[in-house]
Amino acid sequence: FQGCSGSTKLQLDVHVLILSLFSELKIGQKLNEGKTKQIFELVDQPGLVLVQSKDQITAGNAVRKDQMEGKAAIANKTTSCVFQLLQESGIKTAFVKQHSDTAFIAAHCQMIPIEWVCRRVATGSFLKRNPGVKEGYRFSPLKMEMFFKDDANNDPQWSEEQLLEAKLCVAGLTIGQCEVDIMSRSTVAIFEIVEKAWATQNCTLVDMKIEFGVSVKSGEIVLADVIDNDSWRLWPAGDGSQQKDKQVYRELKEVTPEAMQMVKRNFEWVSERVKLLLEPQASSRVVLLMGSTSDVAHCEKIRKACASYGIPCVLRVTSAHKGPDETLRIKAEYEGDGVPTVFVAVAGRSNGLSPVMSGNTAYPVISCPPLTPDWGPQHVWSSLRMPSGLGCSTVLSPEACAQFAAQILGLRDHLVWCKLRASMLNTWVSLRLADKKLQACSL
């Protein structure tokens with residue numbers, strides 16, 4: 001580097017760093033390059049690719065484009081956090097892991113050339129295409145739109161019928177009604193999860209665009225591409241004048257160094273706060289009270305199901321009949337630290353735990369009796385028939401009990417809520433695919 005200027009040496013240092021990262025992964029040929037990223041095959045990891053971000057920012061199908069130093073790292077950080085949130089919630093994505101400041105590893109996908117746009121608030125191009133709708137109109141349910149990726153024709157809006165008639169074949173998968181339904185349902189769920197997460201930061205997710213691909217390895221449709229500050233409109237406190245997304249760049253009357261610094265500060269603001277979306281807003285727990293150690297196996301099923309929602313469980317043994325003072329002492333122990341708690345009473349024969357707990361705490365109580373084949377139909381009445389003034393619910397399935405507890409705790413913990421929302425989607429998708437498979441067999 002002798003004789004090089006400072007800026008040239010910096011460029012060479014960065015180049016050497018990128019080459020070293022690439023050499024670790026044994027980078028193969030460039031598979032694709034877009035306006036803001038490059039995609040490389042990984043020679044020693046079949047089925048995976050490296051998605052490398054660029055320092056370029058564009059608007060209007062690259063009619064306007066500029067270099068923004070540091071954008072690659074900002075975009076990569078943002079998209080990695082968002083994909084981690086979605087993946088931990090249970091959404092199927094192409095994302096594998098963040099590799100470096102400016103790149104992440106993903107499943108190799110063939111992209112479906114459709115941008116799926118989900119809107120909560122009417123603004124932007126929607127107002128131009130729908131005159132008479134006032135800015136700020138709130139869509140409940142969400143407004144779904146799709147656009148065919150075709151830069152030459154400015155990404156025309158497509159209807160569902162156009163997409164079906166196109167009979168697109170991607171990685172051997174023909175995009176039919178089942179696939180369209182899955183992408184449509186997934187788009188709504190993905191938006192709602194990201195929306196719920198940003199709400200914890202007092203930010204309104206106004207709209208968002210996403211893309212799906214077909215994994216070349218599994219043949220599944222997965223969320224692919226990126227989700228970063230180019231992908232959405234984000235309004236702090238619901239105020240459009242405080243927008244922090246790429247719209248600020250689109251609206252620049254003149255691109256000056258000062259203006260680009262303002263745009264960069266907005267992008268940095270988002271990339272710093274997006275990390276907070278992965279953090280729980282409130283700790284929570286389920287306390288399982290069993291009348292006897294013979295109920296441990298039943299309680300373990302509840303604990304395992306709670307773990308799938310990220311909810312910790314505490315197991316205690318107490319009898320409301322034989323030791324009511326100890327039962328109430330245990331109750332007070334978990335009321336005293338302020339942690340949001342759901343009590344689950346597990347007692348089958350003459351269930352006294354549920355009414356005693358429900359009558360002495362303002363916290364929610366669920367009864368989940370471990371019924372046996374012999375006296376089960378008779379014993380269940382001690383859980384179902386509560387004295388007046390008690391609000392204890394009864395759920396017989398351990399898995400359903402955990403889900404109900406998650407629905408209660410998810411009102412305060414967005415990460416629990418996100419797992420519930422993804423679980424709903426995955427259940428629906430599995431049924432839709434099962435129906436498609438059955439129909440194919442019938443034919």
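Predicted model: local features only at pLDDT ≥ 70, side-chain atom pairs only at ≥ 80, totals over all residues.
**The parallel sheet**

- S20 (residues 365-367) and S21 run parallel and are joined by 2 bridges.
- Ile 366 stands opposite Ser 393 of S21.

**H8 against H13**

- H8 and H13 also pack with each other, their axes 8 Å apart.
- The angle of this packing is about 45 degrees.
- The two helices are therefore oblique to each other.
- Their crossing is right-handed.
- From H8, the contact takes His 298, Lys 301, Ile 302, Ala 305 and Cys 306.
- From H13, it takes Pro 398, Glu 399, Cys 401 and Ala 402.
- By class, the H8 contact with H13 has 6 nonpolar, 1 polar and 2 charged residues.

**H2 against H5**

- Helix H2 (residues 71-89) and helix H5 (residues 177-199) have axes that come within 11 Å.
- These axes cross at roughly 115 degrees, which makes H2 roughly perpendicular to H5.
- H2 passes H5 in a right-handed crossing.
- Val 82, Leu 85, Leu 86 and Ser 89 make the contact on the H2 side.
- On the H5 side, the contact is made by Ile 190, Ile 193, Val 194 and Ala 197.
- By class, the H2 contact with H5 has 7 nonpolar residues, 1 polar residue and no charged residues.

- Strands of a sheet pair through backbone hydrogen bonds, either parallel or antiparallel.
- S9 and S10 (residues 138-148) run antiparallel, joined by 7 bridges.
- Val 117 has Glu 145 of S10 as its bridge partner.
- S10 also pairs with S11 (residues 157-158), in the antiparallel sense and over 2 bridges.
- Met 146 stands opposite Trp 158 of S11.

**Glu 115**

- Glu 115 is found in S9 (residues 114-121).
- Glu 115 has a relative accessible area of 12%, under the 20% cut-off, so this residue is buried.
- Leaving aside neighbours within four places in sequence, Glu 115 contacts Glu 145, Met 146, Phe 147, Lys 149, Lys 209, Ile 210 and Glu 211.
- Among these contacts, Glu 145 is the bridge partner of Val 117, and Met 146 stands opposite Trp 158.

**The protein overall**

- The protein has 14 helices and 21 strands.
- Its C-alpha trace spans about 85 × 60 × 55 Å along the principal axes.
- Buried residues make up 47% of the 443 residues.
- Among contacts between residues at least 6 apart in sequence, 63% join residues at least 24 apart.

How values were computed
Residues numbered from 1 in each chain as written. Heavy atoms only, no water. Helix = DSSP H or I, 4+ residues; strand = E, 2+ residues; numbered from the N terminus. Buried < 20%, exposed > 50% of the residue type's maximum accessible area, 1.4 Å probe, protein only. Contact = heavy atoms within 4.5 Å. Axes fitted to C-alpha atoms, helices over the stretch in contact; angles between N-to-C directions. Parallel < 35°, antiparallel > 145°, perpendicular 65-115°, else oblique. Left-handed = near helix turned anticlockwise from the far one by under 90°. Nonpolar A, V, L, I, M, F, W, Y, C, P; charged D, E, K, R; others polar. Pairing = 2+ DSSP bridges.
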